[in-house]
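Thanks for coming, everyone. I'll keep this short. Have a look at the slide first.

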Amino acid sequence: MDKNYNTDETFLARWISGELSEAERVAFEKTEAYKQFDIINKESQLLAGPDIDTEAALKLVTLKLQEQQKKPKIIRLWYAVAASIVILISLGTFLNSSKTHITGIGEKTHITLSDGSKVHLNANSSVSYKRFFWLGNKEVNLRGEAYFSVEKGDGFTVNTSKGHISVLGTQFNIKDRNELEVKCYEGKVSFIKSANASKTYILTSGMQVNVNDEHIYEGHFNHETPNWKDGISKFVNQPLSKVLEELTYIYPITFKTNSINTDRLFSGSFTHNNLNTALQTTLVPMGITYKKSPTSNVIILSE
């Protein structure tokens, strides 16, 4: 082939349009340059947006190939720099990665953080935080329920779906389910719904705040530790729907409630270590009968 992509300005255009002779095409496909030209041509066909000047791009690669032949040391240096950038990006991603703890239905776990603070994670919950350099930014993300015992020191923040809780050293419980509940057992915590919220709520020992999509309620309590840490769930004038929901966090069951009123209020408790006992103590006092589906973990309720 007398003319090729280096000597014939029309060569690449004719190749793209399929106008090369059979001899030209066969000879071209045997060259090392063909692989790069072929990649550019194929990728350009996938790009959306304005028309791509494919021929210009291919000519640019031709120029680069010629430069490679003249400056091999510079090209090798460029490859080394590119490899270093990839390593640095990968390292940065790894150093900024998070560590996550997850509990399933009926599971609980204890976590000790780098500063000695402890997290007691309730069932069906998760907590995550930075894997490295956490001491410089003590920020924890919680979904579900957890009891925190925080060591005194620099600021400690817990992010939930409905707001942020900040502390300096204290013990508190956060329950982030359909609603958010924050209870302070020792020391002081602050709650703010969002970064631009106009009010910050300060809680001391025995104070709590409850948050739903529309309202924030402040209140008090008088127990020393969360009941769930003792393997019990307690309720005072709570809709039965919430009680049934809590049961599904502790036991691998679901409820069929079509024939009962789940808005009725319940006061009482259930244990976390025996399903039959838990069902009897919650449903029987409400006049509700139940039976388990023979083929699944569905509990069918009726009045």
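In helix α6, the buried residues are L240, V243, L244, E246, L247, T248, Y249 and I250. That makes 8 of 11 residues, so call this helix, residues 240-250, mostly covered, with buried meaning under 20% relative accessible area.

A word of caution before I go on. This is a predicted model. Mean pLDDT for the protein is 81, and 73% of the residues reach 70 or more. Residues 46-50 stay under 50. For that stretch the model has 1 contact beyond four places in sequence.

Look at E246. Is E246 buried or exposed? E246 counts as buried, because its relative accessibility is 5%. And E246 has a partner: its side chain meets that of K175 in a salt bridge, 3.2 Å from N to O. K175 lies in strand β8 and E246 in helix α6, so the pair ties together parts 71 residues apart in sequence.

Y249 is also among the buried residues of α6. What sits over the ring of Y249? The charged end of R177 does, 3.9 Å from the ring centre.

**The other salt bridges**

How many salt bridges does the structure hold? The count is 6. Side chains of opposite charge can pair when their charged atoms come close.

Take D115 and K138. Their side chains form a salt bridge at 3.3 Å, N to O. D115 is in the loop between β2 and β3, K138 in the loop between β4 and β5, so parts 23 residues apart in sequence are tied together. D115 is buried, at 18% relative accessible area. K138 is buried too, at 11%.

Next, K162 and D176. The closest N and O atoms of this salt bridge are 3.9 Å apart. K162 sits in the loop between β6 and β7, and D176 in strand β8, so the pair ties together parts 14 residues apart in sequence. Both K162 and D176 are buried.

**Aromatic rings**

On to the rings. A search of the whole structure gives 7 aromatic pairs. One of them is Y147 with Y185, edge-to-face, at 5.5 Å centre to centre and 70° between the planes. Y147 is in strand β5 and Y185 in strand β9, so this pair ties together parts 38 residues apart in sequence. Y147 is buried, at 4% relative accessible area. Y185 counts as buried at 11% relative accessibility.

Now F148 and F172. This pair is stacked: 5.0 Å centre to centre, with 10° between the planes. F148 is in strand β5, F172 in strand β8, and they are 24 residues apart. F148 and F172 are both buried.

Which residues form one aromatic cluster? Y147, Y185 and F221 do. F221 has a charge over its ring as well: the charged end of K183, 5.2 Å from the centre.

**One loop serine**

Last stop, S296. It lies in the loop between β17 and β18. S296 and T254 are 42 residues apart along the chain, with 9.2 Å between their C-alpha atoms.

That's my tour. Over to you.

Conventions:
Residues are numbered from 1 along each chain as its sequence is written. This is a predicted model: local features need pLDDT of at least 70, side-chain atom pairs count only at pLDDT 80 or more; totals for chains, interfaces and linings use all residues. Side-chain values use heavy atoms; hydrogens and water are left out. Buried means under 20% relative accessible area, exposed over 50%, partly exposed in between (1.4 Å probe, protein chains only). Helices (H or I, at least four residues) and strands (E, at least two) are DSSP runs, numbered from the N terminus. Rings of Phe, Tyr and Trp (its six-membered ring) pair if their centres lie within 6.5 Å; planes under 30 degrees apart count as stacked, over 60 as edge-to-face and the rest as tilted. A charge sits over a ring if NZ of Lys or CZ of Arg is within 6 Å of the ring centre and within 35 degrees of the ring normal. pLDDT is the predictor's confidence in each residue, from 0 to 100. Contact means heavy atoms within 4.5 Å. A salt bridge is a side-chain nitrogen of Lys or Arg within 4 Å of a carboxyl oxygen of Asp or Glu.
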